[in-house]
Structures are given as structure tokens and as C-alpha cells.
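Welcome! Take a moment to look over the chain below, and then we will walk through how its parts meet.

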Amino acid sequence: MSRTDERLYRRALEVMPGGNTRSTLFVAPHPPYAVRGSGAEVADADGHVVIDCNNNYTALIHGHADPEILHTVHEVAAGGTAFGLPTRYEVEMAELLRERTGGIAQWRFCNSGTEAVMMLIRAARAHTGRDIIIRFEGSYHGTYDAVVSSAAKGVPASLASSVVEVPQADIDAVERALSRHRGRVAAVLIDLMPNRAGLTPADARDITRLAELARAHDVLLAVDEVITFRLEPGGLHARYGLQPDLVSLGKVIGGGFPVGAVGGSAEILSSFSPLADGPVAWGGTFSANPVTMAAGMVALRRFTGESINNLNARGDALRSRLNQHGVTAHGSGSLIRLIVDDPAATWWDLYRAGVLAGTNGLLAMSTAMTDEQIARIGDAVIAVCGARTR
Ligand SMILES: Cc1ncc(COP(=O)(O)O)c(C=O)c1O
């Protein structure tokens, strides 16, 4: 750790609990400070350069400071960064998402995946007139009350009556919960490849059964694609032939800027329409701001079928190489999760070896990575994790 980092960290401790904002990127004793990012690389205050496999927790599909995104951002921002009026950019982004998802008809935007999940739940409850959300233990959906443990400090215990948590991938438990709470369930919320739960893709037969159960019990099926949207042009649900009632997006669709989105049918999202009777409010001072929308569209237009397949193939090849060397690596396509006994120690060893991972061992590929960089990532992970994974 450099002296610059230490000085900054001491100042940070005075003004921020634990010294930084995002719990998700804290590693003890404290993370290094990023100074600069370019393409697939990030430099810290020491001048130590790492290949970025974190990519801001999977959001940066084209790496850092992508010239085309920067050009668009400069151009759009020069005309104003946010308005108390809608702009054409949100309309175009909604059209783009409708096309990519093969017909999820309507969209609304916000500033994070957390907000997207919050509003998805609000939409489900408003549309059905019911309170209960069924979700899977171990899946991370952000920090809204309804998707964190009701036992967590700061979350009202009363929330437990409107959320049912079932064991990960346990469709029998979903069926039991649907029967027990018949007529009171608004939606089942699922992430088809939950990172925190180990980044294992859901079993296709389970998902077919889940969809049938949702239909039979007349509850909405909501898919959280905040991370998984990068795996297919329309999101991972397309691979399962699934037609979700609601989806939440974030991360890659912002082109490196804060974003979230909820998609669904016109009927389900009509609760938000100001033309509706007693509309459900959807605010957000910076929601759908033109800079985010424009940056996101540039990122997505360059990330279509062929480039998605290409990046997924490179991710699959890296994962196979790691597996062949005895490293336990889960995931699919451009998302890889190292399963290790000591994530913090592994994080630091990888960092010293020139690879920036997620604090839980998540690696996310970007189109900015060269073959040579991917080979170096493989070498570093094998050297660090070969002896460590279980
Ligand atoms: C599946 C999933 N949903 C929701 C979120 C929350 O998104 P954000 O961090 O943008 O609030 C995340 C964040 O990692 C996520 O992985």
C-alpha cells in the first residue's frame, strides 16, 4: 500500500464510516484508490497497473474511457446534462431495449439497479394489488428493504410478512410458498445466474417449472437482469425461452454512467402512467438523463449478437482453461466467478499479480481486453488460485 493511499485513507476514515462508500468493494485493510482507467487497464495511486476484470462490477462492457462513448458524452453534455423535461434519448433507449428484448413493450428509467428492483417490486404490487414477493436466498438484488434479509439491522422486522425467502434454486419451496400464501403473492423474483450465490446458471427445467407455477398461481414472474443482461442481446431469460412479466436492468445499459431500468408489458407498467387513475409515482431527479441514455445506447449498439457471442466465447475459453488447471470457476460467457476459501487474500494476491477482480472473486470480461491480456489474466489466476480453490 502506498503512502499516498495511506494518507487518503486516514482522511477518509475521518469523514466516511470505514473510509469508503460502497461496502461491495471494501477489502481489508482498505482498498487501493483508483487514479485512472483506460481500456482494459486501471492504475492506482502507486502507479501499479492492473487488468480490470472487475469492470465496475460488470457494468463497463467496453472498459474505461471508451473513445466513442466519451465523444458522445462530450457532445450531449455540451447541450446540457439534465433537464426538468423529458428528452428524445429516453425514448430512443426504450425503443432500443424493446427491440433487443424481442418485445418487452414498455420501459422506465432510474439511476441504479437497486432502484430498478425497488420499482419492479412496486409495479408488481401495484398491478396485482398483492403484497408478497417470493425471492431466493443468497441472490443479491441491491439494497432495497424488500430484497435484503429482514433480520438485517435497519430493516423493519414487519417486512418479513410481505417477503418470502426460499432456498436457492428450490422450486418445490416456491410451490409450497405459493400454496401457503395463495392469492397474496404479487411476484416471484429471480436472478437466473446469481453472482452472490455462486454464479451457477439456473437449471432450464427448474425455470420452465417456475414459469408454469407462476402462471398457474396467477403471479408475476420478475427477472432481475442487472448483471446477466450482458450475456444475450435481450438478456439471459431469452436463453431459457422465458417471457418474464417484469425485468430489471442496470449496469451495462448505462455505458459507464449510473442507470437502472424496469421493463414490462404496457398493462403492467400502466400503473406508472400519469394518465392512469391514481398513478404510482416514479421520480428521480436524474432518471433518464440524456448523458446516461446516450452513453448507454452507444455501448449497447456496439454490443450486439456477434460481439456478445465473441466476448462470451472468450470468457468460456478462459473459464475452461482455469478449470483445467484445477481452479474452481463458475459462470457463463463473459462472467466468471472464482470459488475460493479466502476471497480477501485472493483479491490481494490477484491485485499484486496485476488483476483487479471483484471482492468475491467475480471476473467480468470487457471488449477492451486483448488476447494477450486475457492470457495474462489466466496466468495470474492459475498462479494465485491453483492452490487455493476448493
Ligand atoms: C442482480 C443484481 N440486482 C441488482 C443490483 C443492484 O444494482 P446497483 O448496484 O446498480 O444498485 C445488483 C448489483 O450488483 C445485482 O447484481
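Does N312 count as buried or exposed? In this predicted model, N312 counts as buried because its relative accessibility is 7%, which falls under the 20% cut-off.

**Where the domains meet**
- On the domain 1 side, 23 residues are in contact with 19 residues of domain 2.
- Together the two domains bury about 1,600 Å² between them, and 55% of that area is on carbon and sulfur atoms.
- Within domain 1, the residues that lose the most area to domain 2 are I308, S332 and L335, which together make up 28% of what that side buries.

**Contacts across the interface**
- The rule finds zero salt bridges between domain 1 and domain 2.
- Polar contacts do turn up, with a count of 10 residue pairs between the two domains.

**What the domain 1 side is built from**
- Two helices, α2 (55-58) and α10 (305-324), each give two or more residues to the side of domain 1 that touches domain 2.
- The strands β11 (329-332), β12 (335-338) and β14 (362-364) also give two or more residues each to that side.
- Helix α10 supplies the largest share, with four residues.
- Sorted by class, this side of domain 1 has 12 nonpolar, 10 polar and one charged residues.

**Back to N312**
- You will find N312 in helix α10.
- A polar atom of the N312 side chain lies 3.0 Å from the backbone nitrogen of S334.
- Setting aside neighbours within four places in sequence, N312 is in contact with L231, R239, G333 and S334.

**Another asparagine to find: N54**
- Look for N54 in the loop between β3 (49-52) and α2.
- N54 counts as buried, since its relative accessibility is 9%.
- A polar atom of the N54 side chain lies 3.1 Å from the backbone nitrogen of N56.
- Not counting residues up to four places away in sequence, N54 touches L356, A357, G358 and A364.

Technical notes
Residues numbered from 1 in each chain as written. Predicted model: local features only at pLDDT ≥ 70, side-chain atom pairs only at ≥ 80, totals over all residues. Heavy atoms only, no water. Contact = heavy atoms within 4.5 Å. Buried area = accessible area lost by both parts, 1.4 Å probe. Salt bridge = Lys/Arg side-chain N within 4 Å of Asp/Glu carboxyl O. Polar contact = N/O pair within 3.5 Å; in protein donor to acceptor, adjacent residues only side chain to side chain. Nonpolar A, V, L, I, M, F, W, Y, C, P; charged D, E, K, R; others polar. Buried < 20%, exposed > 50% of the residue type's maximum accessible area, 1.4 Å probe, protein only.
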